[in-house]
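Hi everyone, thanks for coming along. I'd like to walk you through a model today, so please have a look at the screen and we'll go from there.

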Amino acid sequence: MTETEGYVDQSVVGLEEPQPMYKALRESAPVFRAPRGAVVLTRLADIEMALKRTDVFSSNMDAVDLGNVRPLIPLQVDPPEHAKYRRVLDPLFTPREMAAREPAVTALVNEMIDGFADRGECDFHAEFAVPLPCTVFLQLLGLPLEDLAKFITWKDGVVRPEGVRAPGEHAKAAAPAAHHIYEYFEWAIDDHIANPREDVLSALIEADVEGQPLSRDELLDISFLFLIAGLDTVTDSLDCFFVYLARHPDQRRLLVEHPDILPSAVEEMLRWETPVPGVARVAVQDVEVGGCPISKGERISPLLGAANTDPAEFDHPDIVDFARNPNRHRAFGGGPHRCLGSHLARLELRVALREFHRRIPDYEIRPGVKLKYTTGLRSVEALPLTFPVATP
Amino acid sequence: MSRVSVDAERCTGHGRCYTLAPDVFDADEVGHSIVRVDEVSGELEEHARLGEQNCPEQAITLSGGTRG
C-alpha cells in the first residue's frame, strides 16, 4: 500500500465517513505530505504538540487565506499578543454567559420546528441547521434579523466560494464576499456607537484592552472572524449529528428516553463526527515531526477528526458511546486557540437536540436520497427528513 | 484524600471540569478553571477525577490519593 492510498483531501472532496481514512493515515503515514502541499498530521500526540507549540506552528495569515485583508482576531494572532484579545473575548463566551441565553435559544429552536412540524417533512439543513446559528449570531451581536439572508450568502461566499478548483484559488474567490462583510460591519459598528445596547458588539466597543479601546480595524477583524467561525461550524455539527441519529434509531431513542444524557451525547457526537475535521497552521521554523522534515513556511493540517479516533487516547474509538468517559476529544481544538465559541456551540447543539427530539422523536432520511457532503467543513447540501405528524 | 490543582498555564477554558464536577471546580471571569475544594475524598474525589480525566489540556492534577 502506498502512502497516498487512504488519503482523501477533505478540502477537495466532502466525506460522508472520514473515520476509515483517518485510521488508514494514522497507521500508514501519520505525518503525510499531501500531494497538494500541506503536511497532514493524524496522530493525537503530534496534533496536540502542533496546537500547543504556537512558537513553531503559527496560526497567522499564512496558514489559511479566506479573503480577509488583515489577520482575523484572535485566530490569526499568535501568543503572546493573542492573550490580550482573549482576555476581552473569553468573558463574553463563558458557559455562564451562554447559559443566560438558553431561554432565547430554546424559543428560537421551537419557532423553527413550528415551521415544518405539521408538514411531516423538512430539509433539515436549509430549514434548521443553517438559520439557527445564523439567527443566534444576529441576536448575540445585536444585528437586524432581516439581514439573515445576506449573512448566509456572505458566509457561504467566504467559507465555500463558487468556482474554486484548487486551494490557491480560495482567497480570490472569497474576496468579494469578504468585502461585503467588512462593509456591513463598518455600518454595524457605527450604528452601535450611535445606539449602544446590551450585546456583544456594544461590549466590544466599550472594551478596555490594556488601557485602550479596540480600534476600528480590530473590531472589524473580530466581527469578521465571528461570522465565518460561528455560523457554518454549528450548521455542520447539526447536519452531522442528525444524519447520524437518523441512521441510528437506537441511539436516537436513548436521547428521547433519557434527555439527561444529552450533554455527554453532544461531546461524543462531536468526537465521532468532528464537524470541523481539521485546522490549519504554518511552520515558522524548520522542524521535524515523526521523522518528517517540515520547512519554514510550509502549511500543516492537523486533522482533529483523526486525533478524536486515535486509539492511543480512546478505548474502542470506533464505538459511539453516549456515556463515554473519559472523553478528552479535541473537536474544538486545543492550546491557546481553543474554539472561543465552543460553549455557545454546545448550548445550541444541546438545546436543538433536546427540543427537536421532544417534538419529533422519530424521523428518517427520505428513502432514496444520496447525501452530498460539502468540502472542508462537514455539512450536507440538503438533508430531507420525513417524520410522522403529531396529532395535538 | 487527594490534593487537586489546576495548572493555569495549561488551562485554556474548555470548561469540561467545572461542567462535570461543579462541586470541585469553578470558573473564573474568563471561563478558566479554578479549584473550589483542594482537599478531596470520597465522592468529591471521584468528581475531581472526572474533571481530571476529561481535561483536554491535561491541566488538572490529583496527587497523594489512592485510586478507587
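**A walk through chain A**

Let's begin with A:Arg378, which sits in the loop between strand E9 (364-365) and strand E10 (384-386) of chain A. Helices here are DSSP runs of H or I with at least four residues, strands are runs of E with at least two, and both are numbered from the N terminus.

A quick word on what you are looking at: this is a predicted model, in which local features need pLDDT of at least 70 and side-chain atom pairs count only at pLDDT 80 or more, while totals for chains, interfaces and linings use all residues. Residues are numbered from 1 along each chain as its sequence is written, and chains are lettered from A and ligands numbered from 1 in the order in which they are written.

Back to our arginine. Is A:Arg378 buried or exposed? A:Arg378 counts as buried because it has 26 C-beta neighbours inside 10 Å. The rule places C-beta atoms from the backbone and calls a residue buried with 20 or more others within 10 Å of its own, exposed with 12 or fewer, and partly exposed in between.

And which residues does A:Arg378 touch, leaving aside neighbours within four places in sequence? They are A:Gly14, A:Asp236, A:Cys240, A:Pro275, A:Pro277 and A:Tyr373. Contact means that the C-beta atoms, again placed from the backbone, lie within 7 Å. A:Gly120, on the other hand, is 258 residues from A:Arg378 in sequence and 26 Å from it in space, C-alpha to C-alpha.

Most residues other than glycine have a negative phi, and most peptide bonds are trans. A:Thr274 is not a glycine, yet its phi is positive, about 35 degrees. You'll find A:Thr274 in the loop between helix H14 (262-273) and strand E5 (281-283) of chain A, and it counts as buried because 27 C-beta neighbours fall inside 10 Å. A:Glu210, also not a glycine, has a positive phi of about 50 degrees. That residue is in the loop between helix H10 (200-206) and helix H11 (216-230) of chain A. A:Glu210 is exposed, so we find 7 other C-beta atoms within 10 Å.

As for cis peptide bonds, one joins A:Ile73 and A:Pro74, with omega about 5 degrees. Another joins A:Pro79 and A:Pro80, with omega about 5 degrees. A:Pro74 belongs to the loop between strand E3 (57-58) and helix H3 (81-89) of chain A, and A:Pro80 lies in the loop between E3 and H3 too.

On to helix packing. H14(A) packs against helix H16 (residues 342-359) of chain A at an angle of about 115 degrees, with the axes 10 Å apart. Axes are lines fitted to C-alpha atoms, for helices over the stretch in contact, and angles run from 0 to 180 degrees between N-to-C directions. H14(A) brings A:Leu262, A:Pro263 and A:Val266 to the contact, and H16(A) brings A:Arg346, A:Leu349, A:Arg350, A:Leu353 and A:Arg354.

Finally, the whole chain. Chain A has 16 helices and 10 strands, and its C-alpha trace spans about 65 × 60 × 40 Å along the principal axes. Of its 392 residues, 45% are buried. Among contacts between residues at least 6 apart in sequence, 70% join residues at least 24 apart. Chain A also has a partner: 16 of its residues are in contact with 14 residues of chain B.

Terms used. Two residues are in contact if their C-beta atoms, placed from the backbone, lie within 7 Å.
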